[in-house]
Amino acid sequence: MNKKKIVFLTGTRADFGKIKSLIKITQESDIFDVHIFVTGMHMISKYGKTIIEIEKSGFKNIYPFINHDDIIHMDRNLAKTIEGFSHYIGEIKPNLIIVHGDRIEAMAGAIVGSLNNVLVAHIEGGELSGTIDELIRHSISKLSHIHLTSNEEAKKRLIQMGEEESSVFTIGSPDLDVMNSKKLPSLDFVKNYYEISFDKYAILMFHPVTTEVDKIKEQVKTLVDSILESNMNYIIIYPNNDLGSNIILDEYERFKNSKRIKIFPSLRFEYFLVLLKNAKFIIGNSSAGIREAPYYEIPTINIGNRQKNRSLSKNILNIDFEKVLILNGIEKVLTLGKMKKDIDFGDGNSDKKFLKLLKSELFWEISNQKQFRDLI
């Protein structure tokens, strides 16, 4: 029996954290030939060149591809990724391409797969992203043949979008596999590794909203003013390399003389989880505040529109870009302590569900000839 050849595509530290457990369980299997196409932020030194972390994870068959042209032109980066990935799959001829989320790299993978009659599986489709990410996520879903959703609500949205119910499988959010792991390092180990001296801290992750690029400078100035005035300790992680990220990083220069603040281009996913699990709260507009933080019962201060309507968790305080609101929000969440877990993103065994799917003959019989299904 010939091994089924599978390609995972990853473009950011975030989506690698989501698919890491799936790569591991399939590469350890003797019935699949698993490859990893690494591109996007992973290849940029300014953002930590996180392909190094992928290599350190012990994975095989890693193919690096630099798609970064200029963050002002996401469309050009998309086009470059399509070209590079097309040549790549033309050489290795996979049976399945696996993409995640709502980034242009995932869109490139779905476009190349669908146009070359290669099955495409999309992880975490059917969710709400906000701004341009919303359009990209749903576009990837329409270009994909198989859907691996995090919950039943997402599955219903995909069916509402005309997807065939028999092609939608709820496996949960794969990052919970890592979050639940008993192999996570201790907090002391992580703090020593990153030379973090303070005990009590919050985490700040703020990404540019590309549809609001004209507002970013004012928004991040308000945020930085608020963070400095709060007089708390913060661990800050660089934004995604989207349009507007340079504006954010320029404003972050104001943090450099503060002993209360540590700034990192990137953190190893497992180490980030340990820091998040022990944080007082997370602030900004990262999906980590929508998914990982509530799972760990950590309060989130979500600012602006990037994650609008994505989660109704009571652990999340949604506010606008006003200093008084941000400072009041910080004061409020500090009184809350640990929050009750109130989200549904699976039970931490997505990898096993995923492997079981791949071992099913019916999975490989899903057609790459799609047709819109009307709601009955």
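Okay, some ground rules. The model is predicted, so local features need pLDDT of at least 70 and side-chain atom pairs count only at pLDDT 80 or more, while totals for chains, interfaces and linings use all residues. Residues are numbered from 1 along each chain as its sequence is written, and side-chain values use heavy atoms, with hydrogens and water left out.

Let's start with the big picture. The protein has 15 helices and 13 strands; those are DSSP runs, H or I of at least four residues for helices and E of at least two for strands, numbered from the N terminus. Its radius of gyration is 20 Å, close to the 21 Å from the globule rule for 376 residues, so the protein is as compact as a globular protein of that length. That radius is taken over C-alpha atoms, and the rule is 2.2 Å times the number of residues to the power 0.38. The C-alpha trace spans about 60 × 45 × 40 Å along its principal axes.

What about the inside? Of the 376 residues, 58% are buried, where buried means under 20% relative accessible area, exposed over 50%, and partly exposed in between, with a 1.4 Å probe and protein chains only. Now take the contacts (heavy atoms within 4.5 Å) between residues at least 6 apart in sequence: 71% of them join residues at least 24 apart.

On to the rings. How many aromatic pairs does the structure hold? The count is 22. Rings of Phe, Tyr and Trp (its six-membered ring) pair if their centres lie within 6.5 Å; planes under 30 degrees apart are stacked, over 60 edge-to-face, and the rest tilted.

Take Y47 and Y238: the ring centres are 6.1 Å apart and the planes sit at 85°, so this pair is edge-to-face. It ties together distant parts of the chain, 191 residues apart: Y47 is in the loop between β2 (32-38) and α2 (51-56), and Y238 is in the loop between β9 (234-237) and α10 (245-252). Y47 is buried, at 4% relative accessible area.

Next up, F169 and F363, with centres 6.3 Å apart and planes at 40°, so that pair is tilted. Here too the partners come from distant parts of the chain, F169 in strand β7 (residues 168-170) and F363 in helix α15 (residues 361-364), 194 residues apart. Buried or partly exposed? F169 counts as partly exposed at 21% relative accessibility, whereas F363 is buried at 2%.

Last one: F37, Y63, F65, F85 and Y88 make up one aromatic cluster.
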